[in-house]
Amino acid sequence: MKISVCIPVYNFDVRSLVFELKKEIHDQKIDAEIILIDDASDGNFIEINNELQDQVEQFVFLEKNIGRSRIRNLFLKHTKGDYLLFLDCDVQIDNNYFLANYLKEIAKDKGVEVIFGNFKIDPAYSQTLRNRYSVDKEIFSVERSSDLELLKTVNFIIKREVFEKFPFNEDLKNYGYEDFLFAKTLEFAKMKFLAIQNPVIHFDNTSNEAFLSKTKTAIDSLFQLSQDPGNERFINDIKVYKVARKIVNLKMRSLFLFIYNLMENRMMKNLRSKNPNLKYFDLYKLALLLRKMK
């Protein structure tokens with residue numbers, strides 16, 4: 001059984017990650033290939049990572065940025081593995097048996113089709129808004145789970161034939177909710193899922209200001225999805241969407257936005273600070289969505 005390690009690269013030095021993976025592949029004699037696809041990174045990062053061309057099976061450089069969904073689907077064209085292991089480029093391996101742990105789970109339960117290995121936050125960035133949100137909303141603490149809503153695309157392995165049937169939705173060209181939509185698609189198809197503690201360390205140094213901007217883009221993506229009635233079953237479990245719909249149905253949209261506007265400056269000051277409040281962040285997302293809804 002062959003594993004294809006798939007790493008979409010964008011403006012990050014992935015040399016350490018690749019060398020850690022290669023070491024385990026060599027030491028544990030694992031049948032695996034490493035494929036890198038660079039999504040039109042800046043020139044300095046292309047130069048930094050260029051030395052990896054002789055270290056991996058393939059290193060593909062794209063001339064134009066195609067986004068998080070399309071680039072993941074593109075790995076089907078460049079890989080040979082029975083299972084595809086997707087890793088974000090800004091992670092590091094946390095143990096010497098990372099790949100072996102996935103193989104062990106697959107061997108133990110041959111029916112499993114998707115496994116999420118979880119992630120940790122590098123302590124240096126643990127207090128930022130982005131990473132506080134990850135700890136509170138995205139990282140799970142139980143040892144094992146079959147809840148597909150836990151799936152995050154930072155670190156997961158999927159059976160090739162399943163990914164061929166259920167790729168990422170390429171209608172989502174910008175940041176936001178592509179992993180949730182992907183998880184829901186797998187859930188509706190009744191794919192056998194497992195979440196385990198086989199984490200990578202995530203080095204996300206996104207500033208609070210940048211994360212607020214990315215969140216606005218994500219809400220734009222969510223609103224775009226909501227305009228197609230066919231997407232309703234995929235998004236009706238998203239908390240911010242459920243609450244926004246309820247407020248609109250109760251005809252309280254204008255009242256909420258009036259009150260929010262009175263508090264907005266104080267909340268935004270907090271969200272840009274060194275001690276951001278996640279409740280304010282929830283209100284920020286809700287206001288962004290309600291401003292688009294009628």
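**Terms and the values behind them**

Modeller: The crossing of helix 8 and helix 12 is right-handed. This is a predicted model.

Biologist: Which residues make the contact between helix 8 and helix 12?

Modeller: Helix 8 contributes F211, L212, T215, K216, I219, D220, L222 and F223. From helix 12 come F281, Y284, K285, L288, L289 and K292. By class, this contact has nine nonpolar, one polar and four charged residues.

Biologist: What values describe the packing of helix 8 and helix 12?

Modeller: Two packed helices are described by the angle between their axes and the distance between the axes. Helix 8 (residues 208-226) and helix 12 (residues 278-292) pack at an angle of about 45°, and their axes lie 10 Å apart.

Biologist: What makes helix 5 roughly perpendicular to helix 12?

Modeller: The axes of helix 5 (residues 129-138) and helix 12 cross at roughly 95° and come within 11 Å. Because the range for roughly perpendicular is 65 to 115 degrees, helix 5 is given that description relative to helix 12. The contact involves L129, R132, Y133, D136 and K137 of helix 5, together with L278, F281, D282 and K285 of helix 12. Its residues divide into four nonpolar, no polar and five charged.

Biologist: Why is helix 7 said to be mostly covered?

Modeller: A residue is buried under 20% relative accessible area. In helix 7 (residues 178-188), eight of the 11 residues are buried. They are E178, D179, F180, L181, F182, A183, K184 and L186. What covers them includes helix 3 (68-78), strand 6 (114-116), strand 9 (155-159), helix 6 (160-165), helix 8 and helix 9 (232-235). Just after helix 7, K190 takes a positive phi of about 60°.

Biologist: Which residues of the largest nonpolar core touch the most other members?

Modeller: This core has 63 residues, and I7, L21, L36 and L87 touch the most other members. Leaving out residues up to four places away in sequence, I7 touches L17, L21, I34, I35, L36, I37, F75, L87, D88 and C89. A second, separate core of 36 residues includes F211, A218, V240 and L271.

Biologist: How do you know that Q28 counts as partly exposed?

Modeller: Q28 has 34% relative accessibility, so Q28 counts as partly exposed. Its place is in the loop between helix 1 (15-27) and strand 2 (32-38). Beyond its neighbours within four places in sequence, Q28 is in contact with N96 and Y97. The C-alpha atoms of Q28 and N96 are separated by 9.2 Å, although these residues are 68 residues apart along the chain.

Biologist: Why does D13 count as partly exposed?

Modeller: The relative accessibility of D13 is 29%, and D13 therefore counts as partly exposed by the limits of 20% and 50%. D13 is found in the loop between strand 1 (3-9) and helix 1. Not counting residues up to four places away in sequence, D13 touches F45, I48 and N49. The C-alpha atoms of D13 and V91, 78 residues apart along the chain, have a separation of 10 Å.

Methods:
Residues numbered from 1 in each chain as written. Predicted model: local features only at pLDDT ≥ 70, side-chain atom pairs only at ≥ 80, totals over all residues. Heavy atoms only, no water. Axes fitted to C-alpha atoms, helices over the stretch in contact; angles between N-to-C directions. Helix = DSSP H or I, 4+ residues; strand = E, 2+ residues; numbered from the N terminus. Left-handed = near helix turned anticlockwise from the far one by under 90°. Contact = heavy atoms within 4.5 Å. Nonpolar A, V, L, I, M, F, W, Y, C, P; charged D, E, K, R; others polar. Buried < 20%, exposed > 50% of the residue type's maximum accessible area, 1.4 Å probe, protein only. Core = buried A, V, L, I, M, F, W, Y, C linked by side-chain atoms within 4.5 Å. Parallel < 35°, antiparallel > 145°, perpendicular 65-115°, else oblique.
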